[in-house]
Amino acid sequence: MTFDSAVAYRLHERVALRPEPFGALAYHYGNRRLNFLRAPELVALVESLDSYDSVRDAFDAADIDPGRWPSFEKALASLAASDFLVAEGIDP
Amino acid sequence: MTLIDNPRPDNLVLSPVKRSGLADQMKAGLDAPICLTWELTYACNLQCVHCLSSSGRRDPRELTTDECEAVIDELQRMQVFYINIGGGEPTIRKDFWHLVHYAVDHGVGVKFSTNGSGIDATVAEHLAQSDYVDVQISIDGADAATNDHVRGDGSFATAVEAMEHLRAAGFEGFKISVVMTRHNIAQVDDFRAMADRYGAQLRLTRFRPSGRGADSWGDLHPTDQQQRDLYHWLIDHPDVLTGDSFFHLSALGEALPGLNLCGAGRVVCLIDPIGDVYACPFVLHDEFLAGNVRDEGGFAQVWQQSNLFAELREPQSAGACASCGHFDACQGGCMAAKFFTGIPLDGPDPECVLGHGEAAMDSVARASVGKDHSRTAVVIGPKPIG
């Protein structure tokens, strides 16, 4: 399923984040994959997702330079592709 | 720079990391290990000739159940996501399953290594029901003769039986872990076929001269040509797990997938059955002992404050390898392999693919008696002097 920034996403319930100097380590207990979130702003964005009705709304509220949005959106898409993020309404 | 790196769970990180600066952050160490190995017991029903921990007999000073639980509590606080439990044969511990459940209930996932002797049909059924527990079956040959030469009579049959149970129970993606030796390296395709047959994932790791491996090194370590063949095979099979253990081969060309540097004390460490914390699973020697989980401050204190780990997180000198154009690729190889063959830590890897290792070994062999490994026997009381 392709990533759609018009809908709401949230962190998979079996994913844990561990703060690190570079951002955070993310671990998925279900598929046993590890991800490195390579910017503190990305960590904050990911953690905020479930408060918004769409990814776009989360971007609007986040303190991220719009010039960097494409790279952040790419990161979110990658997280969704490995099941770290799930679209609202989808039963993981 | 990319914002995301997603390594395979067994291997630490994928190669883009190296180019994007995360490797430097890794070298400087993390607040908690990514990958922690915990040898729960030295007791073992096998006596493999290459055992890195010289296992066989239980150490009477083993951590108690309460002490193990306290360590798990600490790992939970540090957010260590999962641990690799080994031994010895960990399932021999009477409280093994209790500790596995305790870890999982505290958010610490478990992968455990076993020779298969503890995996019957009932155990396999239980394991298949938990996503939080992963199993790694150790074999060292694709047939009984090759395997049992290293692991002992009947050990191949035991491992196969365990894999049959896991498959029958529907446990998908368990690991088949093979230490690459001179005698089995030609069987890599057979191992892969075996993994496919069982719906398992193949994991190949490097043989080190640690523990009893120091004694069997001469017989078991791969030839130069075998190392080259393995390198190309691994490049062609990036889905095979390696624990990032073959980074010394990256000097042959394109880097292998993974963290091409030594993670000892930086992102990896080992807790042994009596609670001693070492820099990695392959250096059970006083020189790489950082502390003990029974000490005040526990494991976190050792990981974050020990002098040894602080040293390992400092930029390392390329030493004798500084003038070699391939140091960036191989990072001088494996610390444990150097140490137990008597090569200085800033010297070349004994299996340096450019041939520098043999010359280094020749020169140290003349100059000293070499380094012994600390666990030649189970002892009570003070540790032997290495």
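What share of the 92 residues in chain A is buried? Buried residues make up 30% of chain A. The model is predicted.

**Chain A: secondary structure**
- Chain A has 3 helices and 5 strands.
- Along the sequence, the elements of chain A follow the order β-β-β-β-α-α-α-β.

**Chain A: size and contacts**
- The C-alpha trace of chain A spans about 35 × 35 × 20 Å along its principal axes.
- The radius of gyration of chain A is 12 Å. This agrees with a compact globule, because a globule of 92 residues would have a value near 12 Å.
- Among contacts in chain A with a separation of 6 or more, 53% join residues 24 or more positions apart.

**Chain B: a packed helix pair**
- Two packed helices are described by the angle between their axes and the distance between the axes.
- In chain B, helix α6 (residues 144-151) packs against helix α7 (residues 155-169).
- The angle is about 110°, and the axes of the two helices lie 8 Å apart.
- Angles of 65 to 115 degrees count as roughly perpendicular, so α6(B) and α7(B) are roughly perpendicular to each other.
- On the α6(B) side, the contact is made by A144(B), N147(B), D148(B) and R151(B).
- On the α7(B) side, S155(B), F156(B) and A157(B) take part.
- The residues of this contact between α6(B) and α7(B) divide into 3 nonpolar, 2 polar and 2 charged.

Definitions and conventions:
Residues numbered from 1 in each chain as written. Chains lettered and ligands numbered in written order. Predicted model: local features only at pLDDT ≥ 70, side-chain atom pairs only at ≥ 80, totals over all residues. Helix = DSSP H or I, 4+ residues; strand = E, 2+ residues; numbered from the N terminus. Rg over C-alpha atoms; globule rule 2.2 N^0.38 Å. Buried ≥ 20, exposed ≤ 12 C-beta atoms within 10 Å, placed from the backbone. Contact = placed C-beta atoms within 7 Å. Axes fitted to C-alpha atoms, helices over the stretch in contact; angles between N-to-C directions. Parallel < 35°, antiparallel > 145°, perpendicular 65-115°, else oblique. Nonpolar A, V, L, I, M, F, W, Y, C, P; charged D, E, K, R; others polar.
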